[in-house]
Amino acid sequence: ESLKKIIRHPSEKIFYHGHCQMKSIGIGNETPEFFNRLGIAIDTSSVECCGMAGSFGYKKQYYELSKNIGRELARQIQVSLAGHKDAVIMASGTSCREQIHDELTGNVYHPIEYLDSLLK
């Protein structure tokens with residue numbers, strides 16, 4: 001409750017993609033729930049994986065498959081954020097952020113990085 005009082009309420013449209021490993025063990029919803037409890041609405045990815053899967057997408061034999069999977073996530077992000085000049089993309093996984101950044105322009109933040117920006 002005290003965090004709600006000191007946090008800057010964002011004007012940006014926010015999209016979040018959870019890491020597939022987190023989803024596979026049933027802990028992929030904590031970030032959206034946390035931001036919602038702060039009164040910050042975010043759109044959440046329905047794509048299971050960004051296609052990188054750790055180092056999978058860096059391997060030559062899997063590169064195209066990885067990119068094809070990543071493009072599905074990129075399309076979902078573009079649809080969600082269409083028409084919003086100010087938009088923020090968050091992703092929990094390092095490889096997820098890398099994949100999204102490769103497909104779309106702009107920064108992709110870890111949820112903690114974005115939360116830090118709201119506290120400043």
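Searching the whole structure, I find one cavity of 30 Å³ or more; on a 1 Å grid over the protein atoms alone, a cavity is a set of points where a 1.4 Å probe fits but cannot get out, a pocket is an open set with protein on both sides within 12 Å along at least five of seven lines, and lining residues have an atom within 4 Å of a point. The model is predicted, with local features needing pLDDT of at least 70 and side-chain atom pairs pLDDT 80 or more, while totals for chains, interfaces and linings use all residues. I number residues from 1 along each chain as its sequence is written, and side-chain values use heavy atoms, without hydrogens and water.

I record a volume of about 40 Å³ for the largest cavity, which is lined by Gly70, Leu73, Ala74, Ile77, Gln99, Ile100, Glu103 and Leu104. Helix H4 gives the largest share of this lining, four residues.

I next looked up the largest pocket, which holds about 230 Å³ of space; of its 14 lining residues, Leu81, Ala87, Val88, Ile89 and Thr105 are the closest to its centre. Helix H4 (63-81) and strand E3 (87-91) each supply at least two residues of the lining of this pocket.

Lastly, I noted that helix H3 (residues 30-37) and helix H6 (residues 111-119) pack at an angle of about 15 degrees, with axes 12 Å apart. H3 and H6 are therefore roughly parallel (angles under 35 degrees count as such). Their contact (heavy atoms within 4.5 Å) is made by Thr31, Phe34 and Phe35 of H3 and by Pro111, Tyr114, Leu115 and Leu118 of H6.

How values were computed: Axes are lines fitted to C-alpha atoms, for helices over the stretch in contact, and angles run from 0 to 180 degrees between N-to-C directions. Angles under 35 degrees count as roughly parallel, over 145 as roughly antiparallel, 65 to 115 as roughly perpendicular and the rest as oblique. Grid points are joined across faces, edges and corners, and a volume is the space filled by probe spheres set on the points.
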